[in-house]
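These are my notebook entries on a predicted model.

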Amino acid sequence: MKVEVNSQALADAVAWTTRVIDARPASPILAGIRLEAIDGTLQLSAFNYAISARHHIEAGVDESGSILVLGKLLADITKSLPAAKTYLSTDGSTLTITSGKSTFTMQLMPDNEYPDLPVVPAKLGQVDAQTFAQDVAQASVAVSREENRPVLTGIRVQFQGNKVIMSSTDRFRLSRSSFTWTPENPDINTTALVRGALLRDVARSLDEHQNIVVDFDPENPSLLGFENAGRVSTSQLDGEFPAVDRLYADEYPIHAVINKQDLISAIKRVSLVAERNAPIRMAFTSQELTLTAGSVDEAQAKEILDIDMDGEDITVAFNPAYLIEGLSAISEPFVRMKMTTAVKPVEFNGQQESNSEESMDYRYLLVPMRFNS
């Protein structure tokens, strides 16, 4: 193989592709990245049996060929290359990388032992990258960090005609976003459970000037693919998402509308005196919200905010970190809190004006904590 490529393009492509390589691969061969020079392109791919990544960049191909080398080492080398052009060439069992006055050699790995990448499913639909990235950020708020419960580390994606609904839960909260898109089949109605880490990673690396294409076969729902700007990721699907729809109340008798940034700032100040994992209390009375934290024999804090409220007085308590994370995902300047009792989940929605209707595009549900009155 003999190839000439742009150094920065190579570094970016290698970094993106090797992100799926595990720190401790299940097999040594999975530490590799495959490079294939063909038809004026350098194609890169990596696979860990659960997630695959494929990319390609323009290249001057003097000799075509396919090789496998250590992915993380190649990433470290390519990001340090000094010149505008990089030359890759193989000789026997080694790859030589030349850029400016720098030269590196790497040992080739047995390419024939590398597993075949999964076949990318047919196109299911597409949406603009900015919408996708925002909704993934919102939906992933409640993704669990408990690796011993893999199903809770995923995001359920429901494809219902021209609407897509993404949901995550860690048992203490539920985060749900929805958006419209362009499906290949307007009658599509199917569901997939995707790794939250993969969806976040895909969203962070999008070219926002191009749409993202979702690939999925409802008849063989074991693999989901994402395509954007020449980059293709796939993820194996498994597990069944918990039945969470019943957590939303049919009616909420108590509503409170609050300036979102004022509320976030007050929560941050009041929670300074809260011990680790201790709740902050929110007392809704008339048209005021009183936030308090701390205990009588320790430090205490109190802050009062003006609100627009309908319904009876109520006091609820929350984990302040969960509050801030959910509120920060709301894109509108006002938040509507909808409550039933002090112990049942509270729904948070954004709205553009203090007297407008709430948006249902993002719904954050948080279970209150018990507290000593």
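Entry 1: I looked up where helix H1 lies and found it across strand E1 (2-6), E7 and E8. The direction of H1 makes about 95 degrees with that of E1. I then traced the sheet itself: it is open, it has five strands in the order E5-E1-E7-E8-E9, and its pairing is antiparallel. Strand E5 (60-63) and E9 each have a single partner strand, so one side of each is left without a neighbour in the sheet, and I noted both as edges. On average, with direction ignored, neighbouring strands of this sheet are turned by 15 degrees against each other.

Entry 2: I checked helix H2 next and found it lying across E8 and E9. H2 runs at about 175 degrees to E9.

**Entry 3: strand E8 and its partners.**

On one side I looked at strand E7 (residues 85-91), which runs antiparallel to E8 and is joined to it by five bridges. Within this pairing, Thr 90 has Leu 95 of E8 as its bridge partner. Two residues separate E7 from E8 in a hairpin, and Gly 92 in the turn has a positive phi of about 65 degrees.

I then turned to strand E9 (residues 102-107), which is antiparallel to E8 and joined to it by six bridges. Opposite Thr 94 I found Gln 107 of E9, and opposite Thr 98 I found Thr 103 of E9. E8 and E9 likewise form a hairpin with two residues between them. In that turn, Gly 100 has a positive phi of about 60 degrees.

**Entry 4: H1 against H2.** At what angle do H1 and H2 pack? I recorded about 150 degrees between H1 (residues 7-17) and H2 (residues 71-78), with the axes 9 Å apart. H1 is therefore roughly antiparallel to H2, given that angles over 145 degrees count as such. The crossing of H1 past H2 is left-handed.

I listed the residues that meet: Leu 10, Ala 11 and Val 14 from H1, and Gly 71, Leu 74, Ala 75 and Thr 78 from H2. By class, this contact holds five nonpolar and two polar residues, and no charged ones.

Entry 5: I traced another open sheet, of nine strands, in the order E6-E2-E3-E4-E18-E17-E16-E10-E14, with antiparallel pairing. Why did I mark strand E6 (65-70) and strand E14 (182-183) as edges? Each has a single partner strand, so one side of each is left without a neighbour in the sheet.

Inside this sheet I examined strand E16 (residues 211-216) and strand E17 (residues 223-228), which pair in the antiparallel sense over four bridges. Val 213 stands opposite Glu 227 of E17.

I then returned to H1, which lies across strand E2 (32-38), strand E3 (41-47), strand E4 (51-58) and strand E18 (231-236). Its direction makes about 170 degrees with that of E4. H2 packs on the sheet as well, where it touches E2 and E6 and runs at about 95 degrees to E6.

**Entry 6: H3 against H4.** I looked up a further helix pair, H3 and H4 (residues 196-204), whose axes come within 9 Å and cross at roughly 145 degrees. I noted the crossing as left-handed. On the H3 side, Phe 132, Ala 133 and Val 136 take part, and they meet Leu 199, Arg 200, Val 202 and Ala 203 in H4. The classes in this contact are six nonpolar, no polar and one charged.

**Entry 7: Pro 150.** Is Pro 150 buried or exposed? I found Pro 150 exposed, with a relative accessible area of 55%, in the loop between H3 (129-139) and strand E11 (154-160). I also took the C-alpha to C-alpha distance from Pro 150 to Ser 331, which is 29 Å for a sequence separation of 181 residues.

Notes: Residues are numbered from 1 along each chain as its sequence is written. This is a predicted model: local features need pLDDT of at least 70, side-chain atom pairs count only at pLDDT 80 or more; totals for chains, interfaces and linings use all residues. Side-chain values use heavy atoms; hydrogens and water are left out. Buried means under 20% relative accessible area, exposed over 50%, partly exposed in between (1.4 Å probe, protein chains only). Axes are lines fitted to C-alpha atoms, for helices over the stretch in contact, and angles run from 0 to 180 degrees between N-to-C directions. Angles under 35 degrees count as roughly parallel, over 145 as roughly antiparallel, 65 to 115 as roughly perpendicular and the rest as oblique. A crossing is left-handed if the near helix is turned anticlockwise from the far one by less than a right angle, and right-handed if clockwise. Contact means heavy atoms within 4.5 Å. Ala, Val, Leu, Ile, Met, Phe, Trp, Tyr, Cys and Pro count as nonpolar, Asp, Glu, Lys and Arg as charged, and the others, Gly among them, as polar. Two strands pair if DSSP finds at least two bridges between them.
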